[in-house]
Amino acid sequence: MDEKEVDRIKVNEDRRWRLVNRTMRLHGHQPDALIETLHAVQESFGFLDLDSLKYVAESLRLPLSLVYGVATFYHFFTLKPPGDHTCVVCLGTACYIAGSSNILKTVEEQTGIKPGETTPDRKLSLLTARCMGSCGLAPVVVFDGEVHGKMSSASVLENVGRLLNHDD
Amino acid sequence: MTIEELQDIGKIEKEKQEGFKYRIHVCVAAGCLSSQSGLVKEALEKEVARRGLESWALVKGVGCLGLCTAGPMVAIEPDGLLYQGVSVSDASDILEALGGPPVNRLDCSAHLPFFARQKKIVLENCGRIDPESIEDYVAEGGYGGLYSALRTMTPAGVIEQITKSGLRGRGGAGFPTGLKWTAVSKTKSNVKFVICNADEGDPGAFMDRSVLESDPHRVLEGMAIAGLAVGANYGFVYVRAEYPLAVKRIRTAIARAERLGVLGRNIFNTTFSFDVTVRLGAGAFVCGEETALIASIEGRRGSPRPRPPFPSELGLWGYPTLINNVETFANVPPIIRKGGAWFASIGTEKSKGTKVFALAGRVNNTGLIEAPMGTTLREIVFDVGGGIIGDRKFKAILTGGPSGGCIPDQFLDMSMDYESLAQVGAIMGSGGLIVMDDSSCMVDVAKFFIEFCMSESCGKCVPCRVGTVQIYNLLKRITEGGGKPSDIQLLEELCDLVKNTSLCGLGQTAPNPVLSTMRYFMDEYKAHIEDKVCPAGTCHMNPTEESQ
Ligand SMILES: Cc1cc2nc3c(=O)[nH]c(=O)nc-3n(C[C@H](O)[C@H](O)[C@H](O)COP(=O)(O)O)c2cc1C
Ligand code: SF4
Ligand code: SF4
Ligand code: FES
Ligand code: FES
């Protein structure tokens, strides 16, 4: 990328970039800082956009293809902006045995979206996960980062409905 | 720091806590936190203050108490009472009952066999100490093992105890830990690394998470002892980003240990230094494989590479690297404190010590348990686990997750040890146990796991990348009612191919759940293929739709 572009990103530097820059500094801008840095970007901005990938590549002196390759390899990273709210249905073994595929189907039918997608009004993103480590509470659904255990189709409908109708 | 100073810290902490007539332990591990145990703890604290009992009753956050399904869990010491399903509104009754009969509606003594049948080594502090307090860990003898290793033993002596203990890796394969440590210690290099594998990829397992959340110092102490033994001064804990609480607790623990001088420069005033850094995983199952994990710490995609050379020769950044699982490290401090012979006296002939299991699925008591090696499946499912939910029929238990197998009821009296499990086509794995009843379809379960391996395959080698897709498509067809009699043989051939020609453990073990369900539940496969019915009623069969 040309220098101007880097400048543009740097000009836009706000508080959130500081965490990212600090992470890279902490690792001496070495190549092994990449994954930690991507975590910092995602924590600050909610997802990884092309601008931030370019910025990270430039700062760590890595080819963009490598940065992109890493960002897409790991499921934890997302390259699309999430909606206002998130609903993560656990599809780990314990939850699966407890019927999480029916719960997922319920949410899909209610929202009309598939895992990895966001509703057209950008209110809700639907995601799936492989075990949240709360298997004792299976089936588990995480709404906006909060773990809800022992879910049923009814209780998941209610929660999703609440998020969909929420205005802010 | 001298041993006297360390002991003083422990003594002062113990006296401080024993100065309270009652200690109310509230579980603040992830399971209970998600059922609002944080609020319960606050409510109890407020209630203590409201009654002016601050010098009489202590409210303390502790790690997992084990019976996660019944959370939020609260324990009353020194009475040994356990309360389940505690809510904010129970705070007043709990305090009222101190010193008298327990609050009946919360009392959990009905679950007694759950606790009585267990033996705790790794989990000895879980649910007893405050995971964020290093003093609490020291009060239980913590860092005493590191002190002995540093001041009274040689590195070779440490390895000798580990070898004598018979400890085997708890990450899945069961490789003898003493041998691994010896290999790394023999390499000549000024720089070596110790890595703690806390990636815990098996979906449906939460042992490592619970240990890190409940007793993080134990893992750090184990790593430091390992560093001393093999000659490494740097450690990494590679932990899943999906476990934010575990990440936070291990980071806090590192900071406190450095401040106390039991990690970092010149530990216990010796020349030994050991630094530990946390690295986050990013949601790739294959990164639990050691060479992929190393690539990930280096900041690259987690692609495995062929072994040999093993990480013990050529590991992180090309340096000799010791890599062990969380639970393996957690066993080390007690072995050093009590001796290898003590550890070797527990368990079976070839599988020593205990194993931590995450018991989940269709059992009444799901949670975190620890039992001596050699405990039978029946004891685990029916005594500790309290039997099947709704008294339905036990069908099978899954061990080892996506790399493991299903064990049917004819083996319920089998001893849980590495060799016996391998004999029936399953593996010990990392300790995830999923119990299934007659409502689970075994073909569907096989499909579930192969789907997992298919989407987690890193794509580096063809047998795994393509083979898992082929197996998945066959199983999908069978569960949708389009299976053909010849599919069975096709499945067998494909499984054989993927198992024997894949590059890393992911591909090599991916067919296991398919093979083991075919071995014990062929009648269910046949019912799907020939009669177009799913005996458990799980699969939506569409027999009219003739797929090819
Ligand atoms: C696909 C795959 C996933 C693995 N996942 C884990 C894991 O999550 N945790 C773990 O400790 N070991 C895992 N292992 C095993 C590690 O490669 C390694 O053997 C282990 O960490 C060694 O430690 P131990 O000797 O203490 O068991 C995995 C192996 C494979 C092939
Ligand atoms: S052939 Fe395809 S997968 Fe392989 S390196 Fe090239 S672009 Fe990537
Ligand atoms: S076996 Fe699968 S996960 Fe392992 S290297 Fe090959 S493609 Fe990757
Ligand atoms: S399988 Fe869903 S939380 Fe573990
Ligand atoms: S998380 Fe509280 S008892 Fe396990």
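How much area do chain A and chain B bury between them? The answer is about 3,300 Å², with 57% of it on carbon and sulfur atoms; buried area is the accessible area (1.4 Å probe) that two parts lose on being put together, summed over both. Within the share that chain A buries against chain B, A:Phe73, A:Ile97 and A:Arg130 supply 22%, more than any other three residues. This is a predicted model, in which local features need pLDDT of at least 70, side-chain atom pairs count only at pLDDT 80 or more, and totals for chains, interfaces and linings use all residues. Residues are numbered from 1 along each chain as its sequence is written, chains are lettered from A in the order in which they are written, and side-chain values use heavy atoms, with hydrogens and water left out.

Chain A brings 33 residues to the contact and chain B brings 51 residues, where contact means heavy atoms within 4.5 Å. Between the two chains there are 2 salt bridges (a side-chain nitrogen of Lys or Arg within 4 Å of a carboxyl oxygen of Asp or Glu). A salt bridge joins the side chains of A:Arg130 and B:Glu451, at 3.5 Å from N to O.

Chain B itself is divided by an automatic or database domain assignment into domain 1 (17-111), domain 2 (134-344), domain 3 (354-437) and domain 4 (442-547). The centres of domain 1 and domain 3 of chain B, taken over C-alpha atoms, are 30 Å apart. In chain B, 6 residues of domain 1 are in contact with 5 residues of domain 3. The area buried between these two domains is about 400 Å², and carbon and sulfur atoms give 54% of it. Across their interface the rule finds 0 salt bridges.
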